Amino acid sequence: MAKSRSNKSRKPDARSKAKRQAPAKSQVNESSRGKSNKAFSLKLEDLNAQIAVHWKEEEHIPPPASFVAQANLIDPGLVESFREENFPECFRQYADLLDWEHYWHTTLDTSKPPFWKWFVGGKLNACYNCVDRHLAKHKNKAAFIFVPEPEHEAPQVLTYRELYVRVNETAAMLRDFAGLQAGDRVTIHMPMIPELPITMLACARLGVVHSVVFGGFSGEACGLRAADSGSRVLIYADGYWRNGKWIDHKGNADIAIETAKKEGQEIDKVLVWRRYPRKASSEAPMVMGRDYFVDEVLQDYAGKVVGPVSQDSEAPLFLMYTSGTTGKPKGCQHRTGGYLAYVAGTSKYYQDIHPGDVYWCMADIGWITGHSYIVYGPLALAATSVLYEGVPQYPDAGRPWRIAERLDVNIFHTSPTAIRMLRKAGPGEPAKYNYKFKHMTTVGEPIEPEVWRWYFDVVGKGHAAIVDTWWQTETGGVLCSTKPGMDPMKPGSAGPAVLGIYPVIWDENRKEVKPGQNAAGNICIRNPWPGIMQTVWGDPDRFTKQYYAKYCKDVNSTDWRDWPYFAGDGAMVPADGYYRILGRVDDVINVAGHRLGTKEIESACLTVNEIAEAAVVPVVDEIKGRVPEVYISIKPGMKPNKQIIDNVTQVIETMIGKIARPKRIHVVPDMPKTRSGKIMRRVLAAISNRMHTGDITTLANPDIVEQIRELVQGRAATPLQEGPADIKLFGEEG
Ligand code: WTA
């Protein structure tokens with residue numbers, strides 16, 4: 001591999017590093033701990049009340065014998081080797097799945113908690129590990145099979161050799177035409193087309209840090225992220241097919257550039273991949289000297305080869321922006337060595353990928369699932385990974401099963417929302433097609449047991465082992481899942497912790513909620529692991545505060561045991577040790593498995609001139625799990641009207657994207673508030689979900705609650721559900 005250019009001043013985390021020298025320990029003090037306790041405590045009470053009313057234990061189902069006979073993870077010795085007494089050295093086994101240019105000397109460095117370092121001293125290149133090293137044995141094997149949404153367009157196969165050629169040409173263009181080098185950040189706003197992973201891998205080849213923004217996000221959302229990451233190059237696609245419609249995407253780049261500029265970030269180049277090379281498919285004009293069609297530029301780089309730039313194990317590989325508890329999304333910064341090792345290991349043992357498998361993860365690469373389990377994990381194992389452009393139910397609910405039949409997919413990976421949708425639209429469709437899955441995954445949100453059973457019986461036809469994988473953008477890879485060939489499955493539960501992960505559930509006072517206690521608490525991971533993010537891009541204090549302040553035992557300690565990771569999810573664990581994730585305990589809503597921040601939506605609403613206050617709450621939805629519902633109050637002297645409501649919807653779509661579109665918008669005379677003026681969102685959530693509001697006597701304005709209820713539910717309100725609002729547990733009907 002070629003040596004990296006050393007250019008210390010361009011180091012991507014230069015900004016954060018200064019602050020990092022004096023770790024943000026000052027943030028982890030008693031006062032901040034007390035504060036977060038207060039914010040979260042009510043939520044756990046809600047979860048507990050739900051458990052008391054709705055808790056139902058589900059049965060254990062053994063994995064099919066045919067699956068077990070071929071499973072990668074079946075050796076009890078291997079499982080044993082990941083026990084806590086072997087931590088952190090156990091993760092050597094994951095690191096050894098990779099090719100290192102220079103082998104590392106220290107598995108885990110804990111000297112600056114919580115900024116852990118993994119496989120210290122190692123040098124490697126992620127693209128080399130995902131592409132080059134497979135050429136000797138697998139050059140003619142399909143790396144990606146791209147399935148366009150229009151059914152008349154045939155699937156396109158990209159072999160490892162072809163991927164190598166295209167990644168090299170793209171890397172040459174990024175380096176020599178766009179002037180990018182190791183440590184620079186680049187923002188990629190693209191749909192599910194092969195050029196997306198090609199661009200990511202080309203960045204990784206150069207050590208350029210990619211920041212992929214989900215294609216469905218708006219231009220403005222992209223611009224904000226580009227500005228935060230300090231990208232001066234944007235990579236776009238002209239358009240794509242979605243649900244039978246051509247989406248003209250390039251125009252978003254122009255909005256992104258304007259937005260970034262307002263934030264003080266100049267974008268000087270936009271590279272536009274064309275879905276149909278040499279054909280104009282977008283209405284948006286190209287700006288001379290700024291916008292370039294990639295297919296034209298690439299003509300100068302045909303056949304160019306670029307040596308993979310050797311990277312420190314700790315060099316950042318990518319940023320992935322995700323929603324949190326504030327209005328501003330945070331850039332989760334993932335490292336090269338630890339991340340790649342972790343996704344390779346979990347892909348091997350939990351996705352059970354073998355050389356001959358055809359693996360299809362239906363997520364979007366614009367989310368973490370796509371990064372870890374469409375691109376980096378599967379390619380590190382030389383898998384064949386299917387890339388589907390469109391929506392699952394286009395043109396009908398049989399489409400996924402036709403794709404599976406045609407490509408002979410045998411590992412299938414999707415979200416509960418997609419499963420619910422396909423079950424509703426075509427419950428009998430899978431039976432019509434001749435495919436056979438050996439393994440299936442669900443990810444992103446809790447799955448109801450009855451939906452799980454349809455997945456197992458009808459989609460999997462009883463042949464497939466299912467893993468319900470719980471994890472997060474921050475965690476890089478899976479944290480809880482059954483071992484598909486060793487553990488029985490349990491509908492609705494993620495299962496035990498995966499290899500090398502040691503969770504605990506604590507209540508607000510750090511008292512352990514023990515297995516079998518039938519109570520909810522905050523799930524935490526007691527140890528670091530190689531896949532955990534390094535920091536929040538440009539804001540290390542936020543990293544410490546958000547994930548470690550709550551349960552840190554001793555801010556002066558350099559022992560990892562004192563720094564448990566707070567995940568932000570409520571969970572419970574019965575006596576069998578299978579974790580059941582109950583939902584977020586913060587201001588994050590999972591809409592159709594996509595993560596949105598209520599605060600981001602509220603901030604968008606407040607940009608509408610007439611709006612005085614806005615509150616966003618999650619409402620249970622039969623298909624999407626949760627959807628946002630918006631409450632607004634109008635400034636004094638202004639009258640509510642339809643135009644205002646339309647403006648709110650419009651502004652949410654332009655600032656965030658269509659996925660954040662609210663189900664309903666309620667204009668209320670006032671918000672229910674505490675005496676200190678805080679909006680009581682849980683009371684609003686109770687009303688939206690037609691549940692009891694709980695004790696409201698401490699509100700500053702308790703009378704408003706009945707008024708809002710009448711307004712939202714009408715006088716003939718349907719009977720209230722048992723238990724307080726917000727979280728509907730599995731097994732509830734309707
Ligand atoms: C939720 C997606 C229940 C959880 C990989 C988490 C789940 C958030 C599951 C992270 C699961 C993810 N069961 N809930 N199997 N998987 N979640 O960052 O609330 O987009 O905190 O990462 O999704 O969403 P994110």
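**Asn-689.** I looked up Asn-689 and found it in the loop between helix H21 (681-688) and strand S31 (691-692), where helices (H or I, at least four residues) and strands (E, at least two) are DSSP runs numbered from the N terminus. The model is predicted, so I kept in mind that local features need pLDDT of at least 70 and side-chain atom pairs count only at pLDDT 80 or more, while totals for chains, interfaces and linings use all residues. Residues are numbered from 1 along each chain as its sequence is written, and side-chain values use heavy atoms, with hydrogens and water left out. Asn-689 counts as buried because its relative accessibility is 10%, buried being under 20% relative accessible area, exposed over 50% and partly exposed in between (1.4 Å probe, protein chains only). A polar atom of the Asn-689 side chain lies 3.1 Å from the backbone oxygen of Pro-618.

**Helix H18.** I then turned to helix H18 (residues 540-547), which is largely enclosed by the rest of the structure because 6 of its 8 residues are buried. The buried residues in H18 are Pro-540, Arg-542, Phe-543, Thr-544, Gln-546 and Tyr-547.

**Ligand.** Which residues come nearest to the ligand? Of the 17 residues around the ligand (a heavy atom within 4 Å), I noted Asp-468, Thr-473, Asp-569, Arg-584 and Arg-595 as the nearest. A polar side-chain atom of Thr-473 is 2.6 Å from an oxygen atom of the ligand, a backbone N or O atom of Thr-469 is 2.8 Å from a ligand nitrogen, and a polar backbone atom of Glu-445 is 3.4 Å from a nitrogen atom of the ligand. The ligand has 530 Å² of accessible area on its own, and the protein covers 97% of that area (Shrake-Rupley method, 1.4 Å probe). Helix H14 (368-380), strand S20 (465-469) and strand S25 (580-584) are the elements that give two or more residues to the shell.

The largest cavity holds about 100 Å³ of space, the volume being the space filled by probe spheres set on the points, which are joined across faces, edges and corners. It is lined by 14 residues, of which Phe-217, Tyr-321, Thr-322, Gly-366 and Trp-367 are the closest to its centre. I noted that strand S7 (209-214) and strand S14 (316-322) each supply at least two residues of this lining.

Note on methods:
1 Å grid on protein atoms, 1.4 Å probe; cavity = no way out; pocket = protein on both sides within 12 Å on 5 of 7 lines; lining within 4 Å. Polar contact = N/O pair within 3.5 Å; in protein donor to acceptor, adjacent residues only side chain to side chain.
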